[in-house]
Amino acid sequence: MIGERLSDLRKERGITQQQLADELHLTKYNISAYEREANEAPDSVKIAIANYFQVSIDYLLGMTDCPNLYERPGSHVPTDKKMPADLESVIECVRQMMLFGVSVNPELAERKLDELLTKIQAIRKEKKSRQKRGRQKEKRQGEMKTCGSKNTEEKAAET
């Protein structure tokens, strides 16, 4: 996972493997090997990479999808049990960025906010769809009751 994350972070920053290697006092071969996961970076290199890109080690290792998820007292976002886990993750990430002034590159912040907006729009669309289905169901049930009562009235008139 570190290879994929490293490659993504490097490309988001718009730098080459050589430029990153120079910044971290490594070789281009090292960066390439880490990105391909041919070699595992030592802990000291993982820390240097995390510091350079201003992300958490947990993010580099794939343990979280939030680049700057730091545990702080009260940092848990109370959520509705029906909220999708991925939406909870996006909300927590945005919360960390906004409340704690976590330094993040602007493209990442914009991407996370776009993800949040997309999720909110999907939830609204689903809610409207459920409401519409509920109204249609009520209408059908009302029509069935009306039909049922007409049939009963007709049978009573026949007798």
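Notes on the source. I am working on a predicted model, in which local features need pLDDT of at least 70, side-chain atom pairs count only at pLDDT 80 or more, and totals for chains, interfaces and linings use all residues. Residues are numbered from 1 along each chain as its sequence is written, and side-chain values use heavy atoms, with hydrogens and water left out.

Entry: burial of the pair. I took buried as under 20% relative accessible area, exposed as over 50%, and partly exposed as in between (1.4 Å probe, protein chains only). Phe53 is buried because its relative accessible area is 7%. Tyr52, at 22%, counts as partly exposed.

Entry: the chain. I found seven helices and zero strands; these are DSSP runs, with helices being H or I of at least four residues and strands E of at least two, numbered from the N terminus. Of the 159 residues, 29% are buried. The chain exposes about 11,100 Å², and carbon and sulfur atoms supply 53% of that; the areas come from the Shrake-Rupley method with a 1.4 Å probe, and for residues only the protein chains shown count as cover. I took a contact as heavy atoms within 4.5 Å. Among contacts with a separation of 6 or more, residues 24 or more positions apart account for 49%.

Entry: helix α1. The helix covers residues 2-13, twelve in number. From first C-alpha to last I get 16 Å, close to the 16 Å expected at 1.5 Å a residue, where the expected span is 1.5 Å times one less than the number of residues. The buried residues of α1 are Ile2, Gly3, Arg5, Leu6, Ser7, Leu9 and Arg10. Their cover includes α2 (17-24), α3 (28-36), α4 (43-53) and α5 (57-60). Just after α1, Gly14 has a positive phi of about 75 degrees.

Entry: charges over rings. I required NZ of Lys or CZ of Arg within 6 Å of the ring centre and within 35 degrees of the ring normal. The charged end of Arg5 sits over the ring of Tyr59, 4.1 Å from its centre. Arg13 lies over the face of Tyr52, 5.0 Å from the ring centre.

Entry: the core. A nonpolar core here is a set of buried Ala, Val, Leu, Ile, Met, Phe, Trp, Tyr and Cys residues joined through side-chain atoms within 4.5 Å. The largest has 17 residues, of which Leu6, Leu9, Leu20, Ile49, Phe53, Val55 and Leu60 touch the most other members. At least two residues of this core come from each of α1, α2, α3, α4 and α5, and α4 gives the most, with four. Beyond its neighbours within four places in sequence, Leu9 contacts Phe53, Val55, Tyr59 and Leu60.

Entry: backbone angles. Most residues other than glycine have a negative phi. His25, not a glycine, has a positive phi of about 60 degrees. His25 is in the loop between α2 and α3 and is exposed, with a relative accessible area of 74%. Gln54, also not a glycine, has a positive phi of about 55 degrees. Gln54 lies in the loop between α4 and α5 and is partly exposed at 39%.
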